[in-house]
Amino acid sequence: MADADLVRECVLASLKMQISFRQVIQRNLKNNAVDLTFEMLQLLFCLWEEEGANQQELAHKTFKDKVSMSYLINNLEKKGLVCRCEDTRDRRNKRIYLTPEGRQLREAVYPLLTDIYTSAGQKIRTASVQAATRYLQQLHEIFNEL
């Protein structure tokens with residue numbers, strides 16, 4: 001069994017990695033004249049995988065609250081990347097869809113992200129990444145049970 005200090009150290013390392021990952025994404029977006037925030041990109045990724053989710057589903061997938069999600073959707077609408085459409089089953093509910101510009105943006109952004117993952121992958125052993133992934137998944141499950 002790992003002691004509390006080791007678990008805390010692992011969690012802190014994970015949080016630091018998340019911050020540095022976010023920073024490298026933001027820097028690459030800016031350097032390539034892609035006017036998006038990290039949060040906007042998270043939301044777009046969800047929609048690139050599956051369009052037509054409602055605000056609550058997107059909030060759940062991106063770990064954001066409903067107010068933050070509304071703000072992000074509004075900003076992406078202003079940029080012409082998404083639109084809200086009435087849910088045919090529940091008119092109070094809005095479904096979020098990509099515009100043609102939102103779909104097209106994927107072609108510009110994916111190569112940037114692939115380059116980041118490729119660069120990182122060249123500097124670390126596959127076995128290390130696999131082990132880290134297993135450990136982080138185990139911690140996730142443990143924290144969900146607490």
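**Close-up 1. Ala33 lies in the loop that connects α1 to α2 (38-49).** The model shown here and in the other views is predicted. Although Ala33 is not a glycine, its phi is positive, at about 55 degrees. Ala33 counts as exposed because its relative accessibility is 72%, and the cut-off for that class is over 50%.

**Close-up 2. Phe63 is a residue other than glycine with a positive phi, about 60 degrees.** Phe63 sits in the loop between α3 (55-62) and α4 (66-78). With a relative accessibility of 74%, Phe63 is classed as exposed.

**Close-up 3. Helices α1 and α6 pack at an angle of about 110 degrees.** Helix α1 covers residues 4-31, and its axis is 12 Å from that of α6. The two helices are therefore roughly perpendicular to each other, a class that takes in angles from 65 to 115 degrees. The crossing of α1 and α6 is left-handed.

**Close-up 4. A nonpolar patch on the surface is formed by Ile142, Phe143 and Leu146.** Together these residues have about 340 Å² of accessible area. Leu146 belongs to the segment that follows α6 (126-145). The relative accessible area of Leu146 is 79%, so this residue is exposed.

**Close-up 5. A salt bridge joins Lys79 and Asp35, with 2.6 Å between the closest N and O atoms.** Side chains of opposite charge can pair when their charged atoms come close. The count of salt bridges comes to 7, and this pair is one of them.

**Close-up 6. Lys61 and Glu50 meet through their side chains in a salt bridge, at 3.6 Å from N to O.** This distance lies within the 4 Å cut-off for a salt bridge. The residues are 11 apart and link distant parts of the chain. Lys61 is in helix α3, and Glu50 is in the loop between α2 and β1 (53-54). Lys61 is partly exposed, with a relative accessible area of 38%. Glu50 is also partly exposed, and its relative accessible area is 48%.

**Close-up 7. Arg84 and Glu77 form a salt bridge whose closest N and O atoms are 2.5 Å apart.** Arg84 has a relative accessible area of 26% and is therefore partly exposed. Glu77 is likewise partly exposed, at 30% relative accessibility. The partly exposed class lies between buried, under 20%, and exposed, over 50%.

Note on methods:
Residues numbered from 1 in each chain as written. Predicted model: local features only at pLDDT ≥ 70, side-chain atom pairs only at ≥ 80, totals over all residues. Heavy atoms only, no water. Patch = residues over 30% accessible without salt bridge, like charges linked within 9 Å, V, L, I, M, F, W, Y side chains within 5 Å. Areas by Shrake-Rupley, 256 points an atom, 1.4 Å probe, with all protein chains shown as cover. Helix = DSSP H or I, 4+ residues; strand = E, 2+ residues; numbered from the N terminus. Buried < 20%, exposed > 50% of the residue type's maximum accessible area, 1.4 Å probe, protein only. Axes fitted to C-alpha atoms, helices over the stretch in contact; angles between N-to-C directions. Parallel < 35°, antiparallel > 145°, perpendicular 65-115°, else oblique. Left-handed = near helix turned anticlockwise from the far one by under 90°.
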